[in-house]
Amino acid sequence: MSQPEHPTSPGLNERLVPAVAGALIYGLVIYLLVWFGDKDTLPAISGLILMPMGVASIATILADPRGVGSIWRHVCIGWAVIAGLVVLCMLLFGEGGICAIMAAPVFMLTSAAGSALATWALRTLRRRRGASLLVVLPLAGLPIEPMLPAPERDGQVTTVMEIAAPPQEVWRHTVEIPRIAPGELKRTFSHSVVGVPQPIDARLQGRGVGAVRHLRWTGGVTFQEIVTRWEENRALSWTFRFGPESIPRAIEAHIKVDSAYLKIADGEYRLEPLPGGRTRLTLSTHYRIATPINAYCDWWGRIFLNDFHGVVLEVIRARAEKGASGAVARAPV
């Protein structure tokens with residue numbers, strides 16, 4: 001009876017635990033170097049693409065140094081390691097869940113690529129040294145990242161809602177929004193699944209151009225809107241003002257809405273009278289992004305802003321229509 005070629009060599013399952021542990025330790029080190037701390041840049045290449053590739057690669061190399069296992073098996077191991085790394089970063093370093101969910105699709109693709117490339121290298125090169133070059137990719141990407149082009153991209157999200165109330169009633173519930181009860185907020189993907197903070201209120205200080213709207217969201221999020229256009233019952237425009245603590249780190253440390261790579265710039269409400277005492281209310285938000293992955297960031301931004309617009313407009317609609325119905329009921333016959 002023939003003997004195994006390497007009788008004392010541990011099997012794939014025996015290597016799995018130390019491979020996962022080694023990949024997690026490596027991942028934590030890379031996370032601290034690439035992501036941790038108060039950074040004013042978005043490490044899109046080294047953090048989103050190369051880090052999961054490196055983590056998945058080292059898991060494959062340690063678990064299967066001869067490359068005999070299936071690629072799909074290694075892809076699944078890589079996904080499990082990345083998921084464990086994200087959980088560890090949330091527990092140990094207070095990493096926000098919003099960023100983790102935003103990064104998840106990219107992490108899955110790039111970690112799968114890392115697992116496949118490492119398996120191919122092990123089988124083709126017949127040695128771990130060549131495959132191990134994948135492990136240093138995140139570190140190699142750090143000095144290159146600032147030199148990569150980050151073209152500026154302007155974006156705008158516009159949402160329209162028709163309301164069964166006249167413009168003056170809609171304006172009253174738009175220019176200032178007293179405290180919103182949880183039952184007034186509809187469920188959305190951004191708020192109910194991702195965990196994006198929800199609006200609490202919008203308080204108006206002053207009137208006309210130069211007035212300030214003070215906004216509060218759940219999770220301690222606060223910011224201001226400085227009014228730049230005031231046409232009563234017709235239009236309200238503003239620029240955003242964010243302070244250092246507008247978005248607490250516990251909510252999200254990596255999405256800075258007034259930074260070199262992302263700026264939520266300005267917004268506007270427009271009210272158009274319609275026949276039958278109705279109003280068309282339009283909410284627009286303008287933003288700028290400048291990253292090597294603008295299309296991906298813009299995709300998420302549109303999801304979040306569309307959901308936020310829908311939530312706020314629904315609150316205004318319900319309150320304005322209730323106010324209009326009450327006014328009709330109180331009118332003398």
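# Contacts, charges and surface in a predicted model

Biologist: With which side chain does the side chain of glutamate 169 make a polar contact, and at what distance?
Modeller: In this predicted model, glutamate 169 has its place in helix 7, which covers residues 167-175. The side chain of glutamate 169 makes a polar contact with another side chain, and the partner and distance are arginine 172 at 2.6 Å.

Biologist: How many salt bridges does the rule count?
Modeller: In general, side chains of opposite charge can pair when their charged atoms come close. The rule asks for a side-chain nitrogen of Lys or Arg within 4 Å of a carboxyl oxygen of Asp or Glu, and by this rule the number of salt bridges is 17.

Biologist: What is the N to O distance in the salt bridge between the side chains of arginine 280 and glutamate 272?
Modeller: Arginine 280 is partly exposed, its relative accessible area being 26%, and glutamate 272 is likewise placed among the partly exposed residues by its relative accessibility of 32%. The side chains of arginine 280 and glutamate 272 meet in a salt bridge, with an N to O distance of 3.5 Å.

Biologist: Which residues are linked with Glu231 in a network of salt bridges?
Modeller: The side chain of glutamate 231 meets that of arginine 229 at 2.9 Å, N to O, and glutamate 231 also forms a salt bridge with arginine 234, where the closest N and O atoms are 3.8 Å apart. Glutamate 231 is partly exposed at a relative accessible area of 31%, arginine 229 is partly exposed at 31%, and arginine 234 is exposed at 52%. The network links Glu231 with Arg229, Arg234, Glu268 and Arg270.

Biologist: How many disulfides does the rule count?
Modeller: A disulfide is a covalent bond between the sulfur atoms of two cysteines, and the rule applied here requires those atoms to be within 2.5 Å. For cysteine 297, the closest cysteine sulfur belongs to cysteine 99 and is 9.8 Å away, which is too far for a bond. By this rule, the number of disulfides is zero.

Biologist: Which residues make the nonpolar surface patch of about 420 Å²?
Modeller: Helix 1 (12-34) and helix 6 (137-144) are the elements that give two or more residues to the patch, and helix 1 supplies the largest share, three residues. The nonpolar patch is made by Ile25, Val29, Leu33, Leu139 and Leu142.

Biologist: Which residues does valine 106 touch, not counting residues up to four places away in sequence?
Modeller: Valine 106 is found in helix 4, residues 97-125, and counts as buried at 14% relative accessibility. Valine 106 and leucine 48 are 58 residues apart in sequence, yet their C-alpha atoms are 6.6 Å apart in space. With residues up to four places away not counted, valine 106 touches Leu48, Ile49 and Tyr296.

Biologist: With which residues is glycine 195 in contact, leaving aside its neighbours within four places in sequence?
Modeller: Glycine 195 lies in the loop between helix 8 (189-194) and strand 2 (199-205), where a relative accessible area of 41% makes glycine 195 partly exposed. Glycine 219 is 24 residues from glycine 195 in sequence and 10.0 Å from it in space, C-alpha to C-alpha. Leaving aside the neighbours within four places in sequence, the contacts of glycine 195 are Ile98 and Ser190.

Biologist: What share of the 333 residues in the protein chain do buried residues make up?
Modeller: The secondary structure of the protein chain comes to nine helices and seven strands, and of the contacts between residues at least 6 apart in sequence, 70% join residues at least 24 apart. The protein chain exposes about 16600 Å², with carbon and sulfur atoms supplying 63% of that area. Among the 333 residues of the protein chain, the buried share is 48%.

Conventions. Residues are numbered from 1 along each chain as its sequence is written. This is a predicted model: local features need pLDDT of at least 70, side-chain atom pairs count only at pLDDT 80 or more; totals for chains, interfaces and linings use all residues. Side-chain values use heavy atoms; hydrogens and water are left out. Patches are made of residues with over 30% relative accessible area and no salt bridge: like charges are joined within 9 Å, nonpolar side chains (Val, Leu, Ile, Met, Phe, Trp, Tyr) within 5 Å. Accessible areas come from the Shrake-Rupley method with a 1.4 Å probe; for residues, only the protein chains shown count as cover. Helices (H or I, at least four residues) and strands (E, at least two) are DSSP runs, numbered from the N terminus. Buried means under 20% relative accessible area, exposed over 50%, partly exposed in between (1.4 Å probe, protein chains only). Contact means heavy atoms within 4.5 Å. A polar contact is a pair of N or O atoms within 3.5 Å; within protein, one must be able to donate a hydrogen and the other to accept it, and residues adjacent in sequence count only if both atoms are side-chain atoms.
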